[in-house]
Amino acid sequence: MIRHLKAGASVEARAEADRKVRDTVESTLADIEARGDAAVRELSEKFDNWSPASFRLTDSEIQQAISEVSERDLEDIRFAQSQIRRFAEAQLASMQNVEVETRPGVVLGHKHLPINAVGCYIPGGGYPMVASAHMSVLTAKVAGVKRVIAAAPPYKGNPHPAIVAAMHLAGADEILVLGGVQAVGSMAIGTESIDPVDMLVGPGNAFVAEAKRQLFGRVGIDLFAGPTETLIIADDTVDGLLCATDLLGQAEHGTNSPAALLTTSEALAKDTMAQIEELLKKLPTAEVARQSWETYGEVILCDTPEEMLQVADDMAYEHVQVMTEDPELYLEKMTNYGALFLGPRTNVAFGDKVIGTNHTLPTKKAARYTGGLWVGKFLKTCTYQRILTDEASAEIGAYCSRLCALEGFAGHGEQANERVRRYGKRDVPYASAVDA
């Protein structure tokens, strides 16, 4: 039996907030398309009080920013990027081109082709999300993307040195100091000074996520992303302090970030809630984390591990941290999640910042049909075909002719018929199906 010891906000409340964001973004994108750089500059001045001569950093400005980063911070950035690069390269190596002769003379294949131009958004208004530069820019470059443009908002009135360093070290070809809808809109639509890209990736606030949703189709996107979600599946093998720490560690992302505990232990559930109240008295980001927890936090009590597995798959959360007697059960059986964190020794922050897996992950139940950002997202799997012999062309042509007639496509059928006439030396009446 499933019991909610604490419930989150209603679906209706979340939908109303989404509607307001959707209307704002729609008008903003239309303005960027109509007025280009002028609209982008006005938006940047309005929201970030930022209006430089150029939003694109020069080489000297990039080097100046890097010089402001301590050697220790640069070393940490390089370590994180080495982890992410190594995993992305392993993923890339797993993706093989294919060519197979399905019948004598009939060759089919596919190639993995990198996207030509990608725009990476790195959040940096509330928190300077240095790690997002690694996750998007570096992974795109490992995939072979020729042009990677990276954009992040100014932080306290200037480009954030560590973000700029991370973008540059990850391999960004262009760096923009530009935030919000104006950043993703200008990269996707293009302006007088910014050439458009073919794909947008990277996390962002509700307005950035909605802009990506509305731009999808004009450009590709990595996934439809909402506020950060964290689900902890735990039993009495761990304590409330560990669970509370990990829940609040993600609730601080924003005031609308769901964080949930799923457990078979009522004692752990109550201890976790009590520990959360204690931690909120001293957590520096408590103002944000408290609002998120009070509005969107959940504590769900189940009877068995199997019941927790079912509930977790139904929730389909972005991050799923498993701290149970048998965490391998969830690796083996669970099907809907963005990323799994197995055992108490790891946690979502490791995945967010440094361990090597990508932190751009599906939210709002999108884990039912997609995984997160990875090197394969930057590759198009494109097929090709080749027929080597006259006999093969005539054989396939005869089958195609009859199947086209079955569907009523006479023009398609003639494409097949003409090959049968030329390469099979058969007399086929115009717009007729080839006899067996």
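**Exercise 1.** How many positive and negative side chains does the protein chain have, and how far apart do the centres of the two sets lie?

*Solution.* Lys and Arg count as positive, Asp and Glu as negative, while His and the chain ends are not counted. Each charge is placed at NZ of Lys, CZ of Arg, CG of Asp or CD of Glu. This gives 42 positive and 60 negative side chains, with the two centres 4 Å apart.

The model is predicted: local features need pLDDT of at least 70, side-chain atom pairs count only at pLDDT 80 or more, and totals for chains, interfaces and linings use all residues. Residues are numbered from 1 along each chain as its sequence is written, and side-chain values use heavy atoms, without hydrogens and water.

**Exercise 2.** Which residues does the UniProt annotation "binding site" cover, and why do they not all gather at one spot?

*Solution.* The unreviewed UniProt entry lists Gln250, His253, Asp352 and His412. The farthest two C-alpha atoms are 55.5 Å apart and the residues span 163 residues in sequence, so they do not all gather at one spot. Such annotations may be inferred rather than shown by experiment.

**Exercise 3.** Is His253 buried or partly exposed, and which residues does His253 touch?

*Solution.* Buried means under 20% relative accessible area, exposed over 50%, and partly exposed in between (1.4 Å probe, protein chains only). His253 has 28% relative accessibility, so this residue counts as partly exposed. Contact means heavy atoms within 4.5 Å. Leaving out residues up to four places away in sequence, His253 touches Tyr127, Met129, Thr228, Val288 and Asp352.
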